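Trainee: I'd like to go through this model with you, starting with how its parts meet. Could you put it up?

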Amino acid sequence: MNWQERLITIYLYVCKHYQQNLWTYSQRMSHYADLSFSDEEVITLYLFGVMDKHREIKGIYEYADRHLRDWFPRLPGYVTYVQRLNRVADVFAPLLALIQQEQETRNSGQVWLTDSFPVILVRQGHRFKACVAKQLADSGYCSTKKLYYHGVRVHIIGRRQPGSSPIPEYIDVTGASDHDGKIFDQIRPQLHNNELYGDKAYQRPDAEEVRQAQNLTVLTPVKKQKGQHHLEPQDQWLSTAVSRVRQPIEALFAWIEEKTGIECASQVRSYQGLMVHVFGKLAAALFFWNFLRASS
């Protein structure tokens with residue numbers, strides 16, 4: 001599929017769902033707004049630009065201004081485009097949900113994999129002065145990157161697929177201070193009759209009670225006890241086995257980052273901009289995976 005066909009595919013999908021129900025999520029501040037450049041075009045251009053590996057809105061706009069004027073003849077100025085994009089920021093989360101619902105058939109016999117990754121607005125010491133998107137973003141620590149930051153955390157539970165990346169079934173975005181275990185405690189009652197593999201943050205003292213009540217076995221690497229220098233051989237074996245099973249979700253995160261650059265949000269200046277950055281880039285990544293990957 002060439003780039004023209006990809007652009008048309010995205011536009012037709014966005015038009016179909018926007019006209020059905022997504023329009024209810026867009027902001028309208030005036031009855032006299034100039035809609036000669038439609039909301040569908042605003043959304044399509046952003047998704048297409050992200051899939052084309054433009055990391056920032058400015059890069060998406062400049063590419064469209066130089067090369068896509070025949071496709072978007074009513075493209076407004078850059079400032080107006082950003083304003084229009086922010087006004088449809090709330091469209092991207094339900095759009096992501098629709099893309100998830102239409103993804104390939106899940107194999108219900110496969111186990112769940114779970115983890116999270118950071119979306120960073122401000123790094124290290126600068127986080128103390130950060131005031132962007134405080135409705136959601138706050139300060140936290142990413143143990144994987146050994147990094148203190150101000151931003152949000154994206155939590156994903158995916159269904160394992162042999163030979164492929166997991167299929168995300170649950171996606172949540174929380175403040176950076178909301179650790180994996182806390183969020184897992186909130187969603188765990190919805191999970192039954194399966195195994196779930198996570199890192200040490202998902203280890204809970206009531207794991208046996210959960211297994212009996214929900215038939216849900218949560219498997220994590222074994223933590224060392226206080227004063228313990230080395231794991232017992234059987235614990236080391238279990239930790240290695242769990243890590244191998246979990247590896248595909250880490251590969252999924254790496255692919256999303258490579259495709260969209262989602263983890264760096266240093267150019268975001270508002271809550272609406274953060275919603276576009278997070279949910280828009282996730283929607284672009286999953287749309288590409290579900291509908292365009294096989295034909296690229």
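Mentor: Before we count anything, a salt bridge here is a side-chain nitrogen of Lys or Arg within 4 Å of a carboxyl oxygen of Asp or Glu. Please also keep in mind that this is a predicted model.

Trainee: Okay, how many salt bridges are there between domain 1 and domain 2?

Mentor: The count between domain 1 and domain 2 is 1 salt bridge. Lys53 forms a salt bridge with Glu258, and their closest N and O atoms are 2.6 Å apart.

Trainee: How much area do they bury between them?

Mentor: About 1,900 Å² is buried between domain 1 and domain 2, with 72% of it on carbon and sulfur atoms. As for polar contacts, there are 7 residue pairs between the two domains, both residues being at pLDDT 80 or more.

Trainee: Switching topic, in what sense do strands S2 and S3 pair?

Mentor: Strand S2 (residues 138-142) and strand S3 (residues 147-161) pair in the antiparallel sense over 5 bridges, and in S3 the bridge partner of Ser139 is His150.

Trainee: What about the turn of that hairpin, how many residues are between S2 and S3?

Mentor: There are 4 residues between S2 and S3, and Lys146 in the turn has a positive phi of about 50°.

Notes:
Residues are numbered from 1 along each chain as its sequence is written. This is a predicted model: local features need pLDDT of at least 70, side-chain atom pairs count only at pLDDT 80 or more; totals for chains, interfaces and linings use all residues. Side-chain values use heavy atoms; hydrogens and water are left out. Buried area is the accessible area (1.4 Å probe) that two parts lose on being put together, summed over both. A polar contact is a pair of N or O atoms within 3.5 Å; within protein, one must be able to donate a hydrogen and the other to accept it, and residues adjacent in sequence count only if both atoms are side-chain atoms. Two strands pair if DSSP finds at least two bridges between them. Helices (H or I, at least four residues) and strands (E, at least two) are DSSP runs, numbered from the N terminus.
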